[in-house]
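Hi there,

Here is the structure I promised to pass along.

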Amino acid sequence: MMKEILEQVGRVDLTVRELLMFAKPWRPEKSLCELWPVVAAVVARAESNSTFRDVVFEVSGDLTVAAALDPFLFEQVIWNVFLNGAQAMHRGGRILCAIESLPESARVAITDTGSGLSAEAQDNVFRPFFTTKTRGTGLGLAVSRQIMEAHGGSIAIESTRGAGTRVTLTLPRTIKS
Ligand SMILES: Nc1ncnc2c1ncn2[C@@H]1O[C@H](COP(=O)(O)OP(=O)(O)O)[C@@H](O)[C@H]1O
Ligand SMILES: [Mg+2]
């Protein structure tokens, strides 16, 4: 019972944090960070969380590339994307994180093997409060987009209904004030 209570409290805590992030002004404290340890830290946190019980994680690609980011904020984006992936995979599945370096930017592509989304949903996912879940806030991707844009980066989503979804996070590789 205690475990159930703690999980419920965790859910409330996340909802409140999403609302605060959406409503409160904030600014990224950027520094040059290697992407791989940041992604790995969020994977480790997910692997010890019961929501991700049946999810297998894999991280691949360029394990040395650095980007200009606020680790606290960027971890929140990755967490939001992982959570959506897990929630789209009712019978478990895989979440793959591919890190890629481009001349001016670095990319983390996060692919899940979940239900995917319709073309109509795809056009709306970044709108605040758009959700297809009974208990969703519809703020996860809206806040994630705010965070990526505040870094001078971007977020994109592509999906094939029934096959899965890929979310691509792009960050600049150098700090521009
Ligand atoms: N990986 C994904 N697979 C399928 N649908 C997704 C995925 N990520 C986002 N979505 C869709 O986008 C909507 C908005 O996501 P989000 O902003 O995180 O809000 P919430 O998770 O609270 O619904 C979700 O309700 C869902 O319909
Ligand atoms: Mg979400």
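**What I found**

The shell around ligand 1 is made up of 13 polar, eight nonpolar and two charged residues. Please keep in mind that this is a predicted model. Of the 23 residues around the ligand, those that come nearest are Asn 84, Ala 88, Thr 131, Gly 136 and Gly 140. Two helices each supply at least two residues of that shell: helix 3 (71-87) and helix 5 (140-150).

Ala 88 is worth a click. You will find Ala 88 in the loop between helix 3 and strand 4 (93-101). Beyond its neighbours within four places in sequence, Ala 88 is in contact with Asp 112, Gly 114, Ser 115 and Thr 165. Ser 115 is 27 residues from Ala 88 in sequence, yet their C-alpha atoms are 5.4 Å apart.

Now to the inside. The largest nonpolar core has 34 residues, and Leu 35, Val 39, Val 77, Ile 78, Val 108 and Leu 169 have the most contacts inside it. Helix 3 gives the largest share of this core, seven residues. Not counting residues up to four places away in sequence, Val 39 touches Val 59, Ile 78, Cys 97, Ile 99 and Val 108.

Helix 1 (residues 2-23) is another story: of its 22 residues, the number buried is one, so helix 1 lies largely in the open. At 1.5 Å a residue, helix 1 should span 32 Å, which agrees with the 31 Å between its end C-alpha atoms.

Best wishes

Terms used:
Residues numbered from 1 in each chain as written. Chains lettered and ligands numbered in written order. Predicted model: local features only at pLDDT ≥ 70, side-chain atom pairs only at ≥ 80, totals over all residues. Near = placed C-beta within 6 Å. Helix = DSSP H or I, 4+ residues; strand = E, 2+ residues; numbered from the N terminus. Nonpolar A, V, L, I, M, F, W, Y, C, P; charged D, E, K, R; others polar. Expected span 1.5 Å × (residues − 1). Buried ≥ 20, exposed ≤ 12 C-beta atoms within 10 Å, placed from the backbone. Contact = placed C-beta atoms within 7 Å. Core = buried A, V, L, I, M, F, W, Y, C linked by C-beta atoms within 7 Å.
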